[in-house]
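Subject: Structure handover

Hello,

Here is the structure I promised to pass on. Please open it alongside this note.

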Amino acid sequence: MSDSVFIHSQAQLKQIAEDVLRFAREKGASDAAVEASEGNGLAVTVRKGNIETIEQNKDKGIGVTVYIGERPHVRRGNASTSDFSRQALRDTVDAAYNIARFTAEDDCAGLPEADTLEMQPRDLELFYPWLISAEEATELAKRAEAAAFAVDKRITNSEGASVYAQQSHFVAANSRGFIGGYPYSRHTISVAPIAGKGANMQRDDWYSSMRDPKDLARPEDIGRYAAERALARLNARKLDTRKCPVLFEAPLAAGLLGAFVQAVSGGALYRKSTFLLDSLGQQVFAPHIQILEDPHVLGAVGSAPFDEEGVKTSRRDVVRDGVVQGYFLSTYSARKLGMKTTGNAGGSHNLSLTSALTAPADDFKAMLKKLGTGLLVTELMGQGVNYVTGDYSRGASGYWVQNGVIQYPVEEITIAGNLKDMFAKIVGVGADTLIRGTKQTGSILIEEMTIAGS
């Protein structure tokens, strides 16, 4: 099936990768790595029922890394091309080799050890091509936006609705004997309606993103929910400065999980630019918090049989009972730290944050009751995270809640705290789980944060 979707077959990409490795050996490289990839897709955007953009992409590329010398005296060079001709491949290898000749030696550079490589990759069922036409995609986008406008006459405008379909495949190989690749896909429907007029306008959005287009939410459901979110934000008020519990809606809670990943990733650790330095084996989260990484979930967005270096991935506890069990390391960062790679070159894989205290009945309404009186956050603005100190300060909007019931929307506020304190003060995680990218969590309730208002 994949060979009919792409110009080049997996077999052809493998041959290209093998040719590049041979050219590197002939050039005199001590080691080499290569990735050959190809993709195609369609993106359509409509606004107020009219087509705004139709974009089709067909791309291909080869990236080559050449190593000269043996550890600890290794020099490394990288080069890339979109030309698959044999002469272009040789020229790219030559370019990478020449760059390596003039780079400084790096005692941590080099390919992964052979025993860490995935020599027999599993098929994780990541490829579901969506060969949709521009006309069909336009119709889906129009349905999503029309559903938003149909909710209420106060939906007065739109930032547009989009349909995005993408399918790609690749082969990666290195001179330690690793060669592997697979096709994969990801498709999205999104819409962003605007409610109100003049100074009293609010916008919100919603989307569905899946590998298999059959699993996407109905365009009408996406549009309807996005409109309801925008309408709920009308007539927002400001708050005065206070301290109170804060409930992060599930999509934003995934961002907290992402902040943890960044803080315990190899680059931040070996540069000593993280507030979670030397946190392995330390109590960082509340004792009821668990974080699991499972790269082998069939069809999931974050699944991969091996990482960007060809290192095998594995299911593991990253946090158990609030205690950090592992970092996110590539081969290079692991060597810098005197540790072993965790198979995370390129990032995390299917992380789920759960709580031992969560009951099946802890849906969103139940989490509002647990919040009691405090702030529900549904949108964050700005960066506002200092990963060296853990200080957290973000512009926010959401809803003021009293006795477990939403009272009114709020805006133009700032929420502040320190991530280390926030992680330790997680008092609840909802059963309202949502997947955003490679991360899955329910809403997260934090015991107390500072709200800066007017």
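Below is what I found, grouped by region.

First, the ground rules. This is a predicted model: local features need pLDDT of at least 70, side-chain atom pairs count only at pLDDT 80 or more, and totals for chains, interfaces and linings use all residues. Residues are numbered from 1 along each chain as its sequence is written, and side-chain values use heavy atoms, with hydrogens and water left out.

**Helices α2 and α3**

Start with helix α2 (residues 10-27) and helix α3 (residues 86-101). Their axes come within 9 Å and cross at roughly 50°. Axes here are lines fitted to C-alpha atoms, for helices over the stretch in contact, and angles run from 0 to 180 degrees between N-to-C directions. Helices (H or I, at least four residues) and strands (E, at least two) are DSSP runs, numbered from the N terminus. The two helices are therefore oblique to each other. Angles under 35 degrees count as roughly parallel, over 145 as roughly antiparallel, 65 to 115 as roughly perpendicular and the rest as oblique. The crossing of α2 and α3 is right-handed, meaning the near helix is turned clockwise from the far one by less than a right angle.

Which residues meet there? From α2 come Ile16, Asp19, Val20, Arg22, Phe23, Ala24, Glu26 and Lys27; from α3 come Arg86, Leu89, Arg90, Val93, Asp94 and Tyr97. Contact means heavy atoms within 4.5 Å. The contact residues divide into 7 nonpolar, no polar and 7 charged. Asp19, Arg22, Glu26, Arg86 and Arg90 are linked in a network of salt bridges. A salt bridge is a side-chain nitrogen of Lys or Arg within 4 Å of a carboxyl oxygen of Asp or Glu.

**Other salt bridges**

The count comes to 26 salt bridges. One of them joins Arg71 and Glu113, with the closest N and O atoms 3.7 Å apart. Arg71 lies in the loop between β2 and β3 and Glu113 in the loop between α3 and α4 (134-151), so the pair ties together parts that are 42 residues apart in sequence. Arg71 is partly exposed at 42% relative accessibility. Glu113 is partly exposed too, at 34%. Buried means under 20% relative accessible area, exposed over 50%, partly exposed in between (1.4 Å probe, protein chains only).

Arg218 has a salt bridge with Glu220 at 3.5 Å between the closest N and O atoms. Arg218 also meets Asp221 in a salt bridge (3.1 Å, N to O). Glu220 is buried at 17%, while Asp221 is partly exposed at 32%.

**Backbone points**

Most residues other than glycine have a negative phi, and most peptide bonds are trans. The bond from Arg71 to Pro72 is cis, with omega near 10°. Pro72 sits in the loop between β2 (50-68) and β3 (75-81).

Lys48 has a positive phi, near 55°. Lys48 is in the loop between β1 (31-47) and β2. Asp278 also has a positive phi, about 55°. Its loop runs between α7 (266-270) and β9 (289-293). Buried or exposed? Asp278 is exposed, at 60%.

**Strand β5**

Ile179 lies in strand β5 (residues 179-197). The C-alpha atoms of Ile179 and Lys14 are separated by 7.7 Å, although the two are 165 residues apart along the chain. Leaving aside neighbours within four places in sequence, Ile179 is in contact with Lys14, Glu18, Val171, Ala172 and Ala173.

Best wishes

Conventions:
Nonpolar A, V, L, I, M, F, W, Y, C, P; charged D, E, K, R; others polar.
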